[in-house]
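Hi,

Here is the structure I promised to pass on. Have a look at it first, and then read my notes below.

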Amino acid sequence: MLGLMQDRPLLISSLIDYAAAFHGDAEIVSRLPEGHVRRSSWREVGEVSKQVANALAEWGVEAGDRVATLAWNSDRHLALYFGVSGSGAVMHTVNPRLFREQIVYIINHAEDRILFFDITFAALVAELAPELTTVTTYVAMTDREHMPEVPGVPEGVLLCWDDVIGRQSTHYDWPEFDERSASSLCYTSGTTGNPKGVLYSHRSTMLHTLMAAARDANDVHSGSVILLVVPMFHANAWGTPYTAAMVGAKLVLPGPHLDGESVYQLMKAEGVNQSQGVPTVWMMLFSYLDEHPEIDPHELGLRIAGTGGAALPLSMIERFDRDFGAQAMQGWGMTETSPLCVIGRLLPKHEGLSQSEKNQIMLKQGRGICGVELKIVDDDGNRLPWDGKAFGEVWLRGPWIASGYYRGEGGEKLDAEGFFPTGDVATIDPDGYLQLVDRAKDVIKSGGEWVSSIDLENAALGHPAIAEAAVIGVPHPKWQERPLLVAVLRTGQTATREDILEYLAGEVAKWWLPDDVVFVDELPHTATGKILKLELRKRYRDHELPGVSS
Ligand code: ADP
């Protein structure tokens with residue numbers, strides 16, 4: 001027997017309609033590529049999203065057609081999120097930090113018809129345009145005054161946002177269609193091989209949104225003032241543009257201005273009480289504060305510093321707590337998982353624990369979220385116990401987890417039970433806290449045992465002189481691989497190899513101690529802000545470890 005409730009499709013357009021109607025005055029503040037700050041609101045973003053939909057209709061963009069962006073976080077990008085998907089087209093956020101060849105590949109592979117871009121990327125677009133085979137219209141997301149020259153784009157094909165969007169009607173009736181229709185597309189950066197497209201649906205996005213706002217998830221509500229540093233071209237900015245609309249939160253969008261000073265000033269000016277970004281961004285903020293000891297970050301009133309994409313180090317949890325009075329917390333997931341799957345929050349039973357005991361729990365990636373099924377398996381695919389000790393690859397199943405990649409790239413992904421492989425290796429404890437040991441490809445195998453690079457990096461970051469740390473395995477004649485610590489020192493700090501090793505000796509098992517420490521000025525990062533371990537492994541493949549003669 002079927003239920004007798006209305007069968008209304010779950011569509012992204014409903015989010016912006018709700019935000020505009022019920023939280024119309026809530027602000028959307030954008031620091032633009034042009035330099036100035038623009039103040040908008042959910043009401044205005046709602047109107048602009050309808051102007052976008054009208055423009056797409058005028059250009060003959062049809063349901064399922066892909067519309068690309070090369071853009072920073074801004075109110076216009078936000079209006080595109082809702083206008084493109086709401087109209088039935090597919091919002092394709094392209095990561096501008098990828099290599100040029102990858103961007104060309106992605107846009108051609110997606111067969112994007114329209115490309116919206118920030119003026120920061122005008123030179124990039126000029127370079128790419130001759131190789132883009134499907135794009136027929138280029139829109140610079142700016143006004144007449146700031147319109148860039150884009151020599152690669154033929155006359156008449158380059159349009160100005162204010163001209164083409166600004167003149168459209170703000171009336172538009174969102175179409176109704178199957179909630180399983182594609183809504184947005186995001187390619188994973190993939191350290192090897194071509195990037196692969198993850199194609200979200202309206203239904204997956206809506207279910208992810210409904211879950212992400214919860215108190216025990218991102219804890220987002222109408223009183224939230226969210227600084228969204230995670231780029232809107234990275235896994236839909238962790239879904240926050242949608243979640244913020246659903247609850248009418250104020251959004252603060254930093255555009256390309258991600259240096260410590262800009263981020264701090266924006267947080268202060270806008271009363272930010274929640275922030276979301278990869279740990280590297282907060283490291284930059286900390287460096288700025290190191291140089292300005294006169295600033296007391298307590299003045300911000302920051303409540304939650306949300307991180308993801310890489311492990312949240314203990315030193316970061318402690319610093320947010322001590323200097324900001326804020327709780328740092330992490331989510332874990334990937335582009336393929338919308339991305340939220342587990343989130344690091346305390347349980348009521350942890351109330352009475354000391355701060356340092358609580359911090360140890362917050363170091364774990366977190367507990368599963370209702371809607372996502374998790375399993376860890378051994379090499380033969382057998383489920384491993386949730387005892388906090390057994391570790392194996394994490395597989396996931398749920399309505400916002402990918403079933404495969406766009407156009408079947410990468411082949412069949414799901415196992416017989418319908419679970420998706422993450423390539424991450426973790427333990428799960430009896431409370432359901434997942435703790436990442438490593439990415440399968442970054443694991444360090446020493447004498448038949450595993451050394452967790454994540455744990456070692458975390459320990460190293462506890463040393464006051466270390467700003468950023470990466471641990472990789474380098475070949476060793478006896479042990480197969482041994483850990484090498486590659487570290488960046490904090491501005492104005494000094495430390496020797498011996499200092500660091502002595503410190504680590506008090507933090508980790510003896511056989512985990514890195515065989516060597518190298519100091520570098522900076523570490524290589526991927527387009528999504530992760531440390532590029534592959535590159536480091538290449539660089540230090542022949543590194544001579546002390547005590548090993550070549
Ligand atoms: P990319 O396209 O660069 O892989 P993703 O955001 O899809 O970007 O990366 C997902 C990966 O990031 C995960 O598989 C995991 O290895 C890592 N990751 C995400 N969140 C965390 C976290 N909280 N702690 C440690 N690693 C994380």
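Let me start with a hairpin: β14 and β15 have 6 residues between them, and in that hairpin S338 has a positive phi near 85°. The peptide bond from S338 to P339 is cis, with omega near 10°, and P339 sits in the loop between β14 and β15. When I say helix or strand, I mean DSSP runs (H or I over at least four residues for helices, E over at least two for strands), numbered from the N terminus.

Before you go further, please keep in mind that this is a predicted model: local features need pLDDT of at least 70, side-chain atom pairs count only at pLDDT 80 or more, and totals for chains, interfaces and linings use all residues. Residues are numbered from 1 along each chain as its sequence is written, and side-chain values use heavy atoms, with hydrogens and water left out.

**Around β14**

Buried here is under 20% relative accessible area, exposed is over 50%, and partly exposed is in between (1.4 Å probe, protein chains only). On one side, β14 pairs in the parallel sense with β13 (residues 304-307) over 4 bridges; two strands pair if DSSP finds at least two bridges between them. A305 has A328 in β14 as its bridge partner. To get from β13 to β14 the chain goes through helix α11 (residues 314-324), and this β-α-β crossover is right-handed. That label means that, with the strands pointing away from the viewer, the path from the first strand over the helix to the second runs clockwise.

β14 also pairs with β15 (residues 340-343), this time antiparallel and with 3 bridges. There, G331 stands opposite I343.

As for α11 itself, its buried residues include M316, I317, R319, F320 and F324. Among the elements that cover them are α10 (279-291), β13, β14 and α12 (355-362). Just after α11, G325 takes a positive phi of about 70°.

**The ligand**

Which element gives the most to the shell around the ligand? It is β14, with 4 residues. β20 (433-439) also supplies at least two residues of that shell. In total 18 residues surround the ligand, and the closest are S189, G331, T335, D424 and T528; to be near, a residue needs a heavy atom within 4 Å.

Now the polar contacts, which are pairs of N or O atoms within 3.5 Å:

- A backbone N or O atom of A311 is 3.2 Å from a ligand nitrogen.
- An N or O atom in the side chain of Q330 is 3.0 Å from a ligand nitrogen.
- A polar side-chain atom of R439 is 3.2 Å from a ligand oxygen.

On its own the ligand has 560 Å² of accessible area, and the protein covers 94% of that. Those areas come from the Shrake-Rupley method with a 1.4 Å probe.

M211 is in helix α7 (residues 202-212). M211 counts as buried because its relative accessible area is 10%. Leaving aside neighbours within four places in sequence, M211 is in contact (heavy atoms within 4.5 Å) with A217, L340, I369, C370 and W400. L340 is 129 residues away from M211 along the chain, yet their C-alpha atoms are 9.0 Å apart.

Q168 is in the loop between α6 (161-164) and β8 (182-188). With a relative accessible area of 11%, Q168 is buried too. Again leaving aside neighbours within four places in sequence, Q168 is in contact with Q51, N54, A55 and E58.

In helix α4 (residues 100-110), the buried residues are Q102, I103, V104, I106, I107, H109 and A110. They pack against β3 (66-70), β4 (90-93), β5 (114-117), α5 (122-128) and β8.

E111 has a phi near 55°, a positive value in a residue other than glycine. Is E111 buried or partly exposed? At 38% relative accessibility, E111 is partly exposed.

A237 has a positive phi as well, near 50°, and lies in the loop between β10 (225-228) and α8 (240-247). A237 is buried, at 0% relative accessibility.

Cheers

Key: A polar contact is a pair of N or O atoms within 3.5 Å; within protein, one must be able to donate a hydrogen and the other to accept it, and residues adjacent in sequence count only if both atoms are side-chain atoms.
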